[in-house]
Amino acid sequence: MGFTNSNFIPIGIGCVFVILQKCAQTCDGCKSDVADRTHSLSSIRVQDLQHGVSVDLSEKTSLNKGDIVYGRFTVPYSEIEESAIVTATWSKDYNSTPVWIFLRKGRLPDGNTFDKSSVNYIRRKSSVIQLTPASPGLYYLRIECLMPLSQLQITTMVGNLEYLKKLQEVEGIEYLNEIDSK
């Protein structure tokens with residue numbers, strides 16, 4: 001029995017169909033009824049972050065150790081050099097930082113590939129990334145929970161560095177006033 005061009009094509013198409021069917025079965029096995037689990041890049045949800053608006057990432061549920069939350073923000077084109085400051089704040093006292101933040105321009109960061117990572121201020125209950133200069137474009141954040149968190153807020157500010165630093169100074173003074181009042 002020899003293969004000819006006329007019977008080889010149907011066999012080839014049949015093999016491709018069987019392989020695709022097996023792949024589809026494998027992918028169905030990865031699917032879960034739990035909507036919050038992520039198994040592929042297409043299922044990653046990215047939170048849009050607006051300039052100057054604090055977003056409570058733990059609003060719907062508390063965050064667990066190992067949870068990863070993604071966010072993104074845009075630095076618009078400007079005639080003057082702009083900066084971006086991303087701040088994560090939490091309410092509970094910890095002995096070490098409960099979160100790490102990674103930033104990457106144009107693509108999702110992971111634990112190994114990123115442009116900047118956060119500086120952590122444990123006593124102030126915050127982690128900060130400052131990007132100067134911040135060239136125009138889309139920036140992505142990866143927020144990794146190292147400990148369970150019942151409250152985590154992210155604030156993104158884009159603008160003139162001097163102005164943003166003054167805002168941070170005011171936040172620092174507010175923090176010191178909170179300590180004095182306790």
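Tutor: Let's start with aromatics: W100, F102 and F114 make up one aromatic cluster. Rings of Phe, Tyr and Trp (for Trp, the six-membered one) count as a pair if their centres lie within 6.5 Å; planes under 30 degrees apart are called stacked, over 60 edge-to-face, and the rest tilted. Keep in mind that this is a predicted model: local features need pLDDT of at least 70 and side-chain atom pairs count only at pLDDT 80 or more, while totals for chains, interfaces and linings use all residues. Residues are numbered from 1 along each chain as its sequence is written, and side-chain values use heavy atoms, with hydrogens and water left out.

By that ring rule there are three aromatic pairs. In one of them, F73 and Y139 count as stacked because their ring centres are 5.5 Å apart and their planes sit at 15°. This pair links distant parts of the chain: F73 is in strand β3 (residues 68-75) and Y139 in strand β9 (residues 137-145), 66 residues apart. (A strand here is a DSSP run of E with at least two residues, numbered from the N terminus.) Both F73 and Y139 are buried, where buried means under 20% relative accessible area, exposed means over 50%, and partly exposed is in between (1.4 Å probe, protein chains only). W100 and F102 are stacked too, with 6.5 Å from centre to centre and 25° between the planes.

Five strands form an open sheet with mixed pairing, in the order β1-β3-β9-β5-β6. β1 (46-48) and β6 (116-117) stand at the edges, each with a single partner strand, so one side of each has no neighbour in the sheet. Two strands pair if DSSP finds at least two bridges between them; β3 and β9 run antiparallel and are joined by eight.

Take L149: leaving aside neighbours within four places in sequence, it is in contact (heavy atoms within 4.5 Å) with S62, L63, W90, Y94, P98 and V99.

S126 belongs to β8, which covers residues 126-131, and counts as buried because its relative accessibility is 8%. Beyond its neighbours within four places in sequence, S126 is in contact with T87, A88, T89, W90, V119, N120 and Y121.

The hairpin of β7 and β8 has four residues between the strands. K125 is in that loop and has a phi near 60°, a positive value in a residue other than glycine. K125 counts as buried because its relative accessibility is 17%. R124 lies in the loop between β7 and β8 as well, but is partly exposed because its relative accessible area is 48%. R124 lies over the face of Y121, at 5.4 Å from the ring centre; a charge sits over a ring if NZ of Lys or CZ of Arg is within 6 Å of the ring centre and within 35 degrees of the ring normal. R124 and T89 are 35 residues apart in sequence but 8.3 Å apart in space, C-alpha to C-alpha.

A cis peptide bond joins T132 and P133, with omega about -10°, and P133 lies in the loop between β8 and β9. For context, most residues other than glycine have a negative phi, and most peptide bonds are trans.
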